[in-house]
Amino acid sequence: MKKFLFKLFLILSIIVAINNVIFFTFNLPFCWGNDIAFSKEDFLIKHSKDYNTVFIGTSKTYWQADVSAFDSLTLHKTKSFNFGIDAIAEAEILDYTNHLVTIDKNIKYVFIETFDIDLIVDHNLHTCRQKYWFNFNAWWFTIKSIWGSDYGFGDKCRGYAYNTITFVEWLLKWDLLKDVNRFKHTPSNADYLGNNQTGFVALGDEKIDFDYHLSYRNRLLKDTSINKEITDASVWVFTHYKDSVKFNTAFYNGLESEIKNLQSKNIRVFLVMSPRTHEIQLKNFAPPFMEVVDCEKINLADARYNPEFYDIKNAYDPTHLNKAGDKIYTEKIAKAFNEDIAKAK
């Protein structure tokens, strides 16, 4: 049995080594497996000297942080690019952050959205977009964070299994060659960059997936009780996070580690918590966010102090803002930035 296991381990090790050498020879860009991320990375690399500030996060960053307006409000102390990517979670946000500050040495300010860990939904399992970027650090951060999360036993088991499968698939790279071929024949798409090519796209102005986003908006319009559920979730979590919500130590440690890493590069860090998040997700990342003390924090998720984000007239869909909400969102981040810079003088 020992000999069989040793041979199996040896064969798998050889396969991993060969496949990874092959992928190394392709000289693929970091974000090759995500069309949105690659288009933004490609543009940012070509124009890195034009920016000293980057916003990194989920669709809440992508579709809400109007960086052109932000730069005007900071009196152009900042020159900002929006690296928001829809359908990503915290491990991927941190991975992109490390990459961007490596390729662009001009970055002085980083706005990192704090969001949930990824249990991986069924339809994303085995997809290139899910696994092309995965690595040991992302897997280990996610596994530890799932253990410390507020998810139930069944969801945790799914998260462990799906993330481990994804890690193994990333390691073996058995079926990624077809995706490499597709990537090699697919140019970057400027439509992901928005009208001003800043990476920001307001919902309603997007040229890609417009119908899909509109269908999600119609869910809110047909059932406005969703708005109350989102609002009540925020109020409850921020009222009770100290005494009734499990504290996710692994998630907190991951945030702290990234903050220290960026600060060691003389980069000023701003953690942003965006509004309109489902309760189970908010429970997982709000307490660690609130505990961080080593950088400036911009909490826009608390409905008690940011009621305008929970007013349905400022919402595009259940979890995103419309253009009126974007304006307020951007103004609040700029106000926090200006106050922090003034304090630092």
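Visitor: What stands opposite Thr 53 in E3?

Guide: Tyr 109 in E3 stands opposite Thr 53. The model is predicted, so local features need pLDDT of at least 70 and side-chain atom pairs count only at pLDDT 80 or more, while totals for chains, interfaces and linings use all residues. Residues are numbered from 1 along each chain as its sequence is written, and side-chain values use heavy atoms, with hydrogens and water left out.

Visitor: What makes strand E1 and strand E3 a pair?

Guide: Two strands pair if DSSP finds at least two bridges between them. Strand E1 (residues 53-57) and strand E3 (residues 109-113) have 4 bridges in the parallel sense, and therefore they meet that rule. Strands here are DSSP runs of E with at least two residues, helices are runs of H or I with at least four, and both are numbered from the N terminus.

Visitor: Why are strand E2 and strand E5 called edge strands?

Guide: The open sheet has 5 strands in the order E2-E1-E3-E4-E5, with parallel pairing. Strand E2 (80-84) and strand E5 (296-299) each pair on one side only.

Visitor: Which strands does helix H5 lie across?

Guide: Helix H5 (residues 90-103) lies across E1, E2 and E3, at about 165 degrees to E3. Angles run from 0 to 180 degrees between N-to-C directions, and axes are lines fitted to C-alpha atoms, for helices over the stretch in contact (heavy atoms within 4.5 Å).

Visitor: Why is Ile 298 called buried?

Guide: Buried means under 20% relative accessible area, exposed means over 50%, and partly exposed lies in between, using a 1.4 Å probe and protein chains only. Ile 298 has 4%, so the residue counts as buried. Ile 298 lies in strand E5 and touches, among others, Phe 111, Phe 270 and Ile 333.

Visitor: Why does Asn 34 count as buried?

Guide: The relative accessible area of Asn 34 is 0%, and therefore Asn 34 is buried. This residue is found in the loop between helix H1 (2-26) and helix H2 (35-46). Its contacts include Glu 92, Arg 129 and Tyr 132, not counting residues up to four places away in sequence.

Visitor: Are Cys 157 and Cys 295 buried or partly exposed?

Guide: Cys 157 has 33% relative accessibility, so Cys 157 is partly exposed, whereas Cys 295 is buried at 14%.

Visitor: How many disulfides are there?

Guide: A disulfide is a pair of cysteine sulfur atoms within 2.5 Å. By this rule the count is 0.
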